[in-house]
Amino acid sequence: PQYKYIEEQSNSHFYGDKKNCSPCMKPRFVVTYLPFTLFPSPVPKAALLQALAVQTHFNTLVDKISQDPDFLGEALDRTIQADDFTAKLFGIYKTVQQEGRTQSIVMGLIRSDYMVDQREDGTPSLRQIEINTIAAGGFGVSDQLPVVHRHMLKSVGLLEESKRIQDQSRTREMTAALAKAWELYGQQRQQLCLFLSRNIPVIRRKFDDVSRKGSLDGDKRLFIDGVEVAVVYYRYGYMPDNYTEQSWDARLLMERSLAVKCPDISTHLAGTKKIQQVLAKPGVLEKFFPEQPEVMEQIRATFAGLYTLDMGPEGDQTVAKALTSPEKFVLKPQREGGGNNYFGEDIVQVLQAVKGDKRRAAYILMDRIQPRTEQNILLRKDLPLKLTSVCCEIGVLGAYVRHGGEMVLNEVTGHILRTKSIKNNDAGIIGGVTVFDNPLII
Ligand code: ADP
Ligand code: MG
């Protein structure tokens, strides 16, 4: 569907294989097409509508968490003792907190992921996999896919079905939120946005460039190459490998600055798996929505079982449960980007190694979802071209901008669908397993 699919990787902006070119042995890049399904996959209408309907509440929830130092501190206390990456993020958060926040404009471009759990009685139920608060992607690159899928359905005579594949304006709406933040910042021509478009001057930089050329003035305004930055949009920085010591300094510089960050450090932390687990504990959501029990119920209805591994009797119970029936669970560290979770016997191995000490608090345990299985053909370089049993993950996009105490924009901006073979437990577009898809509403 697209001539080339551009994704950020550690040292390139191209999707594709990095192979060493003989005889010079310099890396070269193979540009390939966006991986996608040949046909759209069926998705139950009720599940999709439920996921879309709850999104603005998740936007609000993430934003509320990001403003709650007591909650963040308490929820992540054991995790940061066990996980170095989360500890480093938290260190930046503490520094910024102590200095006092300078910027009252806050924004989020987030994606809440779900699978449809096929229960034993046959009824489907929507279950959240995770929320992504940094570098949430998948829109943009897949915007042309509805055209392809309509064409495919028509070409096999499924005219009525083809009409059920809808275009979405998700990229326009996501950029609208960035533009809103830029406007609120000052609306001056000479101010720019680090990465992104729409008649707003944009620059794209690496952490390294920021650490060499970025600076703050006396009012903490962020300058790069002599130009003031209004909005910083992180498309990077969500996993340990993305950072060198200098990058951590650059991240701190940007976080301390007056620029609007998408996301700021507290919103980034709000997206950790540990926070997701703490939110599922009884009484926690109530705290964030004291006056809105119906909103709270709507959010809670999407939660799967989530269990703490902090030291203590509750964590001990979690360990016992996981060791008895590992096939029923997923073990998750505080990582993003796919390929980090443990399933089945691997859970036993990891837990046997860490169960006796506080290292286990780096993980959470989650009920394993048994998604509906469909048949489709995955088109991806190097995958065999054959009918495959697949399962899908819905991603609902949300955008919000808050100015001081007021939410000036809070929207559900569309959805994406990603599909993988049921033989793969974990997913990942970059990891080479998952492909883009469109829901065929049933
Ligand atoms: P990441 O931040 O690395 O994307 P996720 O929590 O989204 O971590 O998990 C990665 C993948 O693992 C998901 O896309 C999904 O395929 C699989 N997965 C995660 N949680 C579950 C679960 N509870 N049940 C079944 N599969 C899961
Ligand atoms: Mg994920």
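Here are some questions and answers on cavities and helix packing in this predicted model.

The model is predicted, with local features needing pLDDT of at least 70, side-chain atom pairs counting only at pLDDT 80 or more, and totals for chains, interfaces and linings using all residues. Residues are numbered from 1 along each chain as its sequence is written, chains are lettered from A and ligands numbered from 1 in the order written, and side-chain values use heavy atoms, with hydrogens and water left out.

Reader: How many cavities of 30 Å³ or more does the structure hold?
Author: A cavity here is a set of points, on a 1 Å grid over the protein atoms alone, where a 1.4 Å probe fits but cannot get out. Points join across faces, edges and corners, and a volume is the space filled by probe spheres set on them. With the cut-off at 30 Å³ or more, the number of cavities is 5.

Reader: OK, which element gives the most to the lining of the largest cavity?
Author: That cavity has a volume of about 190 Å³, and 20 residues line it (an atom within 4 Å of a point). Val-96, Arg-101, Glu-255, Lys-261 and Asp-264 lie nearest its centre. Helices (H or I, at least four residues) and strands (E, at least two) are DSSP runs numbered from the N terminus. The top contributor, with 4 residues, is helix 4.

Reader: And how many nonpolar residues are in the lining of the second largest cavity?
Author: About 120 Å³ of space lies in there, and 15 residues line it, with Gln-128, Ile-131, Ala-270, Gln-276 and Leu-279 closest to the centre. Ala, Val, Leu, Ile, Met, Phe, Trp, Tyr, Cys and Pro count as nonpolar, Asp, Glu, Lys and Arg as charged, and the others, Gly among them, as polar. Alongside 4 polar and 2 charged residues, the nonpolar count is 9.

Reader: How are helix 2 and helix 13 oriented to each other, and why?
Author: Axes are lines fitted to C-alpha atoms, for helices over the stretch in contact (heavy atoms within 4.5 Å), and angles run from 0 to 180 degrees between N-to-C directions. These two pack at about 100 degrees, with axes 10 Å apart. His-57, Phe-58 and Leu-61 in helix 2 meet Val-295, Gln-298 and Ile-299 in helix 13. Angles under 35 degrees count as roughly parallel, over 145 as roughly antiparallel, 65 to 115 as roughly perpendicular and the rest as oblique, so the pair is roughly perpendicular.

Technical notes: 1 Å grid on protein atoms, 1.4 Å probe; cavity = no way out; pocket = protein on both sides within 12 Å on 5 of 7 lines; lining within 4 Å.
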